[in-house]
Amino acid sequence: MDQNRFKRTPLLAIVVGSLAVACFAGEFNTVIDIGAPMPSFSNLPATDGSSLSSGQLKEDIVVLVFLANHCPWVQGMDGDLVKLVTETKGKSVRFVGVSVNHREDDRLPAMKEHAQKHGYNFTYVFDESQQLGRALGATRTPEYFVFGKNRKLAYMGAIHDSPARRGRDGEVHYTKGTPTAFHVRDAIQEMLAGKPVSVAETRAHGCSVEYAK
Amino acid sequence: MGAQSNMRSDVSSKRLCAALLFVVFGLSACGGRETESSSSVSTTAPPETKRSTAASSVDWSSEVQLVKVTHPQWVEELEAMRGGIVVVDNWATWCAPCLERFPHMLEMAKRWTPQGVTFVSLSLDDRDDPDSIEQAREFLRQQDARIPNYLMDEIIPDAFDRLGLLGIPAVFIYDSKGTMVHRLTGDDPNRQYTEEDVEEAIRAMVGAGLKGRSPRSP
């Protein structure tokens, strides 16, 4: 794990971070807003044994989704995420799951188990330094950040309009019934069609990301 | 206190304004509520009169109880508590850090209640899932949480919207006029609140003479 990845571009990180805090807070995000650049990252360890850097992402669209194995809301919407990734196969879209929490059940060993158990069909990395999460203002899981070819933020928020939680009974409970608005899918389709994203920000609902004090 | 500066952000201001609007409208809308004790569930709504709320009709100290309130009813409960410092702990059983912080909140309640500070818990568990409600009640019973415990009787995402919450745990502290003066959240990754922030906020308010009343009898 390279915990010093941001040290490689400290000035850029500081400038981007300061501008973001000063000017770009979204409606549901205290750090960045739509149009913000994707922060660079390097050598984040993945559940498949590889590591990932932002420079490796060549697809037209990059979706960063913040996850936490332990979170019932993540577990409740895992199926929707996996289905969405399947739907975009063959298109120039790359999904990257990011785990940020330091609790044992959210760390890499547990991530590997979780990814296998739930059929994760995307790269799932551990942001142990929490720098990527902080730079994006990610505070809930699951929370989506969709970037276009220019690596500017085009959408952030929830996957759809009916947050779902896995209960103690193992069943998935959709809070508002069957979802009717698929925000991330719609954003991707609009971006692939060269259209502006019609709904660019929603409030992600889920567990809070636990940042080190 | 770093977390306090959340209140000054544009984002928080928008949500605060939204919350105030709900307070204004909520005061005029009162319906029935459900009281859930550790052993029984009552669906009988008591007669609604101004200031006749669960806070005044339930003996919170005798046994652990959980009272369902819609958002308008919650606003009414807060209104009824006006006159002293009120600390609201927003939590849920699905929120691991909430469960971890809860005992400290109760410990603070024991120390500050004699000085006129009211500690209240507001559960954001799934009102449509009986198992979730039972889990919340179990937890409160295990904690021996003999404080006013409420469960928001709204669809969870709607409850978050109406409370202006992005995530939990979150602590709201009201002064004797019923004004939210501290909104301690994890909304900003770089300004996460701590138990010490809660403690410090209460200490400062009590020290400034903002408590305004003696401990209330049930």
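This is a predicted model: local features need pLDDT of at least 70, side-chain atom pairs count only at pLDDT 80 or more; totals for chains, interfaces and linings use all residues.
Two strands count as paired if DSSP finds at least two bridges between them.

Stop 1: Select β5, β4, β3, β7 and β8 of chain A, listed here in their order across an open sheet of five strands with mixed pairing. Colour β5 (123–126) and β8 (153–157) of chain A separately; these are the edge strands, each pairing on one side only. Across this sheet, neighbouring strands are turned by 20 degrees against each other on average, direction ignored.

**Stop 2: one strand pair.** Zoom to β7 (residues 143–147) of chain A and β8(A), which run antiparallel and are joined by four bridges. Pick A:Phe145; its bridge partner in β8(A) is A:Met156.

**Stop 3**

**Stop 4: chain B.** Now show chain B, which has seven helices and eight strands. Of its 218 residues, 45% count as buried. Taking contacts in chain B between residues at least 6 apart in sequence, 79% join residues at least 24 apart.

**Stop 5: where the chains meet.** Display both chains: 27 residues of chain B are in contact with 27 residues of chain A. On the side of chain B that touches chain A, select α1 (10–26), α4 (96–112), α5 (130–143) and α6 (156–163) of chain B, each of which supplies at least two residues. Coloured by class, this side of chain B shows 12 nonpolar, eight polar and seven charged residues.

Terms used: Residues are numbered from 1 along each chain as its sequence is written. Chains are lettered from A and ligands numbered from 1 in the order in which they are written. Two residues are in contact if their C-beta atoms, placed from the backbone, lie within 7 Å. Ala, Val, Leu, Ile, Met, Phe, Trp, Tyr, Cys and Pro count as nonpolar, Asp, Glu, Lys and Arg as charged, and the others, Gly among them, as polar. A residue is buried if 20 or more other C-beta atoms lie within 10 Å of its own, exposed if 12 or fewer, and partly exposed in between; C-beta atoms are placed from the backbone. Axes are lines fitted to C-alpha atoms, for helices over the stretch in contact, and angles run from 0 to 180 degrees between N-to-C directions.
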